[in-house]
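Open the model in your viewer and keep the selection tool at hand. The stops below tell you what to pick next and what you will find there.

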Amino acid sequence: MTWRQWGGACAGAKWPLGARWVVVLALILFGREVFAADGAATEQGSVAGFLDAWFATSDAAKEAQPHWMTPVVTVTPRLEQEYRYDQTWQDRPKSVDITNYGGGKGLELIPSANTELIIGVPAYQTRNTPKGSVSGWADETLLLKYRVLSGNEENGNYIVTGFLGVSVPSGSDVFTNHDTIVTPTIAAGKGWGTRTAGFDVQSTLGIAIPTGDKRTLGMPTVWNTALQAHILEKLWPEIEMSYTYYKDGPNDGKKQVSLTAGLVLGRFEITPRVKLIVGGGYQKPVSSFYTFNHTWLLTARAAF
């Protein structure tokens, strides 16, 4: 089977969304090997050349910035290339708990020197209440990053990046927001130390702007900050703070502050290209107003 035939078969297949992302990731990581054996030298050379050029661009982009770890909760201002899966278990007031499979994370790509595109895989959620249980898909999310300034550990150890996130109302009726939500964000970070040990601060400030139903959805402003250490080469302990100010909506005028204690481990070499990262954390509100009691978090990533 040639590259074009195989690609056509994938496009026509009615696979679950998650399975399609696994195929895309396999193509990116192992495309050279997958098509080396099909006997089509021209097509194989074209695929290999495309991947070589892509990885040259993404490697150069990553080298031009600090080599910190992406925190458990805070979206890093760094450009990253990986496939990410998160899972959370959240306990809410009135005996409600929500399990989130996927966390809306997914495929993160660096297509050019200063940009990153995150194509989220909709999370599958289960909500249990005293009245029963419901399950379904959350909305599709997309995020574009544009890096404005950066310097790696030998050249200042800092970064400034702008985000533009979009949530599309594609989920199940019980979990969708029913409206598109646009979230502009500014992110920055500063580090001290080397590539093998040190300390850094990463922070984001964004506002979620719905295209409709503002009385229901509101316009929350969220400020996240992660204080992260790097010790023993592969250990990244952290403390994160999340501050949310609710404007409009049912929580209009209220404020919530939560803290997360987390630990990320990595980067462990799977292949010369692929590195495994795992981590977790515990999140607890510390303000008088809160929308949840506590959350356990798990994250797993294959960086390439």
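Start with Ser-167, in strand β8, which covers residues 158–168. This is a predicted model. Is Ser-167 buried or exposed? Its relative accessible area is 12%, so Ser-167 is buried, the cut-off being under 20%.

Next, select the largest nonpolar core. Pick Trp-68, Met-69, Val-72, Ile-159, Trp-236, Val-264, Ile-277, Leu-297 and Ala-303: these 9 residues make up the core. Then colour a second, separate core of 8 residues, among them Val-47, Tyr-83, Leu-109 and Val-121.

Move on to the cavity. The count is 1 cavity of 30 Å³ or more. The largest cavity has a volume of about 90 Å³. Now show the strands. β9 (181–193) and β10 (198–207) each give two or more residues to the lining of the largest cavity. β10 gives the most, with 3 residues.

Turn to the aromatic rings. The model has 5 aromatic pairs. Why tilted? The ring planes of Tyr-282 and Trp-296 meet at 55 degrees, and the ring centres are 4.6 Å apart. Planes under 30 degrees apart would count as stacked and over 60 as edge-to-face, so this pair falls under tilted. The pair links distant parts of the chain, 14 residues apart. Tyr-282 lies in strand β15 (residues 275–285), and Trp-296 in strand β16 (residues 294–303).

Check the surface at both rings. Tyr-282 is partly exposed, at 29% relative accessible area. Trp-296 is partly exposed too, with 48% relative accessibility.

Finish with two charges over rings. Select Lys-190 and Trp-192: Lys-190 lies over the face of Trp-192, 4.9 Å from the ring centre. Then select Arg-273 and Phe-55. Where does the charged end of Arg-273 sit? It sits over the ring of Phe-55, 4.0 Å from the centre.

Methods. Residues are numbered from 1 along each chain as its sequence is written. This is a predicted model: local features need pLDDT of at least 70, side-chain atom pairs count only at pLDDT 80 or more; totals for chains, interfaces and linings use all residues. Side-chain values use heavy atoms; hydrogens and water are left out. Rings of Phe, Tyr and Trp (its six-membered ring) pair if their centres lie within 6.5 Å; planes under 30 degrees apart count as stacked, over 60 as edge-to-face and the rest as tilted. Helices (H or I, at least four residues) and strands (E, at least two) are DSSP runs, numbered from the N terminus. Buried means under 20% relative accessible area, exposed over 50%, partly exposed in between (1.4 Å probe, protein chains only). A charge sits over a ring if NZ of Lys or CZ of Arg is within 6 Å of the ring centre and within 35 degrees of the ring normal. A nonpolar core is a set of buried Ala, Val, Leu, Ile, Met, Phe, Trp, Tyr and Cys residues joined through side-chain atoms within 4.5 Å. On a 1 Å grid over the protein atoms alone, a cavity is a set of points where a 1.4 Å probe fits but cannot get out, and a pocket is an open set with protein on both sides within 12 Å along at least five of seven lines; lining residues have an atom within 4 Å of a point. Grid points are joined across faces, edges and corners, and a volume is the space filled by probe spheres set on the points.
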